Amino acid sequence: MNLYYVDLHIHIGRTWTGKPVKITGAKSLTFTNIIEHARHEKGLNMIGIIDSHSPEVILEMESLIQSGDVIEHPEGGLVFGDLTVIPGSELEIYDEQCKGPIHLLCYFPNLTVMREFSSWLSGHLKNIQLSSQRIYVSGLVLQRKVKELGGIFIPAHVFTPFKSLYGKGVRESLTEVLDPELIDGIELGLSSDTSMADQLKELHNYTFVTNSDAHSLAKIAREYQVIAMEEPTFQELQKALKGIDGREIVANYGLDPLLGKYHKTVCVECLHSAQNDEQLCTHCGSNKFIKGVADRILELKTAEGGPVWRPPYVHQVPLEFIPGLGPRLLEKLVNHFGSEMAILHEVPYESLKEIVTPKIAELIMKAREGKINLSAGGGGKYGKIAD
């Protein structure tokens, strides 16, 4: 087996003609820019681009295949040098079974299948051009369609207070809206980790994935996983999610949940932290709160620990969070050492000191080992490295 760095949740901001796809995504997030940045700057081996249903994105992928810059692998995936792209789609369901909207990730092996899925989608949503659109079918219907096409189905950022399975979508169990047999994995999101998610017994049968949900090039690989596969293909990814024939996720790398935007419960008005049972904010008197992921998980808790086969979850601070490490200095590091993955995993302290100050080099080492002091985020505001 070989080990591969994988981030399966990256958004398209604009098409190659400049039309918006993910409205909140950066204009620089075109398909071509993403694959070049993910390969050359980030050092990833496999990515999921989850707005690939958009017709102009499909045209861009077709153009790259016709030019020979991208090749379709017979076992699934679009190959760009040593990077494999898994085309996917993020969709929103909100039917009579849901308490609130839920985001879901669907992945497919090649452009032919994605084109077929896009055609089917166009009859069930208002704007096929845009990302994360509400689809007017039930979660069960969507699951069955994905499986009919041989796809992978993963609920997205499942604990986020807005537009997620447990944050808004269900009262207690995923079975309220989805068929548990047709789920291939669970995406944790930035404000939770393995130990938190494993407090829900119904999640013990699923592989956890940690992805960036990137809305800009810089955010790519702020969370990712290392996967053992023979080679980076769609079929190998399917096996890894099920732990078949030695294919498996070896480690999840993600933010400490304290850095996530929704870890703690906060007041809507002033973002002051609050206890889950508080009726009024002790700081401003408001009665409106955004419930944090940690508190929501405690409400749903049905287990003390998870299965023994879980891979380690490594709390790793992204380089962009390091004080003093701005874009220019980060670019200098990447140019010198090859990629962000190399800096995060391989480059020794003494070598880092040749490019950056000892203080920054020390923070990078601590970030690698998850030993930096943090203050918690909440209410849409990221946590930060504490003094």
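Axes here are lines fitted to C-alpha atoms, for helices over the stretch in contact, and angles run from 0 to 180 degrees between N-to-C directions. This is a predicted model, in which local features need pLDDT of at least 70 and side-chain atom pairs count only at pLDDT 80 or more, while totals for chains, interfaces and linings use all residues. Residues are numbered from 1 along each chain as its sequence is written, and side-chain values use heavy atoms, leaving out hydrogens and water.

**View 1. Helix H2 packs with helix H3.** H2 (residues 55-67) and H3 (residues 111-121) have axes 11 Å apart, at an angle of about 165°; helices are DSSP runs of H or I, at least four residues, and strands are runs of E, at least two, numbered from the N terminus. H2 is therefore roughly antiparallel to H3 (angles over 145 degrees).

**View 2. Residues where H2 meets H3.** From H2 come Ile58, Met61, Glu62 and Ile65, and from H3 come Leu111, Met114, Arg115 and Ser118 (contact means heavy atoms within 4.5 Å). Five of the contact residues are nonpolar, one is polar and two are charged.

**View 3. Around Phe117.** Beyond its neighbours within four places in sequence, Phe117 contacts Ser89, Leu91, Cys106, Phe108, Leu142, Lys145, Val146 and Leu149.

**View 4. Leu149, in the loop between helix H4 (139-148) and strand E7 (152-155).** Leu149 counts as buried because its relative accessibility is 11% (buried means under 20% relative accessible area, with a 1.4 Å probe and protein chains only). From Leu149 to Phe117 it is 32 residues in sequence but 7.8 Å in space, C-alpha to C-alpha.

Methods: Angles under 35 degrees count as roughly parallel, over 145 as roughly antiparallel, 65 to 115 as roughly perpendicular and the rest as oblique. Ala, Val, Leu, Ile, Met, Phe, Trp, Tyr, Cys and Pro count as nonpolar, Asp, Glu, Lys and Arg as charged, and the others, Gly among them, as polar. Buried means under 20% relative accessible area, exposed over 50%, partly exposed in between (1.4 Å probe, protein chains only).
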